[in-house]
Amino acid sequence: MELWVILLCTLVSSLLGGLYVLGVFRRRRPNEPPLDKGTIPWLGHLLEFRKDSSEFLKRMQRKHGDVFTVLIGGYYFTFVMDPFCFGAIVKESRSKLDFTTSATQLVVQVFGYKPTKATHSIVHASSTKHLMGDGLTALTQATMESFRKLMLFSLSSGDKRVWKEENLFHYCYNIIFRAGYLALYGTEPARGAGNEEKAEEQDRLHSNQIFHEFRKYDRLFPRLAFAMLPPKDKREAERLKRHFWNVLSVKKVWQKDNISDWISDQDQLLAENGVPEYMRDRFMFMLLWAAQGNTGPTAFWLLLYLLKHPEALKAVRDEVDKVLRESGQEVKAGSPPVTITRDMLSRTPLLDSALEETLRLVAAPMLTRAVLEDTSLRTSSGTEFTLRKGDRLALFPHISVHMNPEIHEEPHKFKYDRFVNPDGTKKDFYRNGKKVKFVNMPWGAGVSTCPGRFFASAEMKLFVFLMLSHYDLELVNEEEEIPLLPPSHVLLLCCCYRS
Ligand code: HEM
């Protein structure tokens with residue numbers, strides 16, 4: 001008899017536990033934001049969110065207002081769409097709103113790397129030292145050298161005024177990925193390859209192979225992050241992961257010449273903190289994705305927007321030409337390739353603004369924090385909400401800030417000089433006479449702000465600088481509307497040496 005009672009109790013409690021996990025008992029408590037669990041237990045709104053996050057969030061905002069909680073794949077996310085709350089959220093103590101919890105889950109799932117307590121501070125300390133300030137000067141130089149190796153090496157061979165067709169997206173992504181990869185992870189030692197020319201050739205070949213495998217992973221990434229891959233793709237993702245752990249293994253990386261201090265310092269610090277070698281191999285892969293997954297696509301959009309807006313193209317090209325002239329250099333057939341320095345890149349306010357405008361239009365990060373304690377949140381209209389412990393807080397600045405017509409006039413238009421005053425200083429933005437702090441958030445905010453943002457900007461600007469100063473550029477399908485997603489068929493005509 002007693003056994004039956006125990007079995008029955010176990011059954012009932014498992015059933016209740018299951019229903020709890022599915023979200024059946026979750027109710028909105030006083031002061032909590034509106035709750036929308038969708039119609040499918042546990043999954044909630046996952047499918048709609050995955051299909052088009054922007055449209056889903058706009059629909060929810062229309063239905064519930066600026067703050068709402070939704071069930072997505074077993075997690076309750078409270079989205080805050082009021083940009084005037086962002087300052088308080090970003091400053092909230094880590095004991096209440098924590099960045100690392102959700103980031104850790106993603107990193108384990110996607111890269112197989114299990115972050116230790118020290119990881120976040122190691123990444124940020126090394127990035128402050130090597131991706132900013134003097135460190136950035138050296139890295140910009142190394143990136144310039146990679147661009148020379150990948151883009152400019154054929155110019156001196158008399159390959160002039162011959163129009164070539166390239167797929168714009170592929171070209172931008174390929175060149176920037178490879179330039180960044182060689183600058184960060186090092187180059188083939190000349191002594192191993194035989195001579196410098198052979199070593200350069202190997203760098204070109206090897207970086208191209210890495211890029212092609214990376215793109216395969218890149219395509220699987222969004223569904224991998226949501227754990228929604230069918231078995232065949234799952235096996236392919238697993239294969240690719242292992243491939244990268246191998247080609248980027250610390251053993252192989254340390255055999256290279258010219259490894260960036262950013263990579264070598266982080267590996268050394270992790271090793272000193274007791275992280276085993278196989279985990280450091282995985283960390284290398286994670287860094288590659290963080291560093292190279294966004295710069296190529298963003299540079300594609302920047303170049304495409306410039307090509308679609310002739311007045312912007314002319315203004316930015318004039319600026320680039322002026323900076324080049326002032327440095328005493330000239331792009332000319334038969335002359336040695338030009339060198340663009342970090343100092344030259346700091347004298348391009350129009351290019352800066354065009355890049356910022358591109359990021360405003362295309363960057364759509366979702367910033368999340370785990371709610372570790374019940375936390376109160378006051379909106380700009382004075383309503384006070386309680387965020388529930390165990391939930392996630394999420395910001396999606398693309399809708400609430402980047403496309404907000406109260407912050408940005410005609411937000412859907414590309415205005416290359418939106419962020420710059422006529423005298424070259426940065427523009428301020430106001431709403432009802434009050435200065436707005438968060439006007440563009442492509443790099444995230446607060447504790448999780450992208451530590452590579454200055455290097456990323458330098459890489460993309462360097463690439464566009466070289467493209468505009470060296471080539472005449474034309475889109476093949478001039479009349480075509482700007483696409484919503486990177487198309488495979490946007491073509492570029494490029495010609496060595498400008499006429
Ligand atoms: C257009 C280019 C880039 C964009 C739009 C971008 C954007 C971002 C964003 C939004 C985050 C924060 C994610 C979050 O809060 O969850 C982030 C994190 C990060 N980014 Fe970037 N990034 C870019 C390029 C780079 C580059 C070039 C590097 C390094 C060389 C880099 C290194 C990192 C790292 C290591 C993190 C994780 C930081 C942490 O754990 O706190 N990023 N990036």
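Predicted model: local features only at pLDDT ≥ 70, side-chain atom pairs only at ≥ 80, totals over all residues.
Start with the record. An unreviewed UniProt entry lists Asn294 and Arg392 under "binding site". The two are spread over 99 residues of sequence. They are also spread in space, with up to 24.7 Å between C-alpha atoms.

Take Asn294 first. Asn294 sits in a loop. On one side of that loop is helix H14 (277–292), and on the other is helix H15 (295–308). Around Asn294, 21 other C-beta atoms lie within 10 Å. The cut-off for a buried residue is 20 or more, so Asn294 counts as buried.

Now turn to Arg392. Arg392 belongs to strand E9, which covers residues 392–395. Arg392 is buried because it has 20 C-beta neighbours inside 10 Å. Which residues does Arg392 contact, leaving aside neighbours within four places in sequence? They are Tyr75, Tyr76, Phe77, Ser102, Thr368, Arg369, Ala370 and Val371.

Next come the cores. In soluble globular proteins, nonpolar side chains tend to be buried together. Here, the largest nonpolar core holds 79 residues. Cys172, Leu302, Leu303, Phe463 and Val464 have the most contacts inside it. Helix H8 (residues 168–185) gives this core its largest share, 14 residues. Look at Cys172. Beyond its neighbours within four places in sequence, Cys172 is in contact with Gly296, Ala299, Phe300 and Leu303.

How values were computed: Residues numbered from 1 in each chain as written. UniProt positions renumbered as here; feature names shortened; annotations may be inferred. Helix = DSSP H or I, 4+ residues; strand = E, 2+ residues; numbered from the N terminus. Buried ≥ 20, exposed ≤ 12 C-beta atoms within 10 Å, placed from the backbone. Contact = placed C-beta atoms within 7 Å. Core = buried A, V, L, I, M, F, W, Y, C linked by C-beta atoms within 7 Å.
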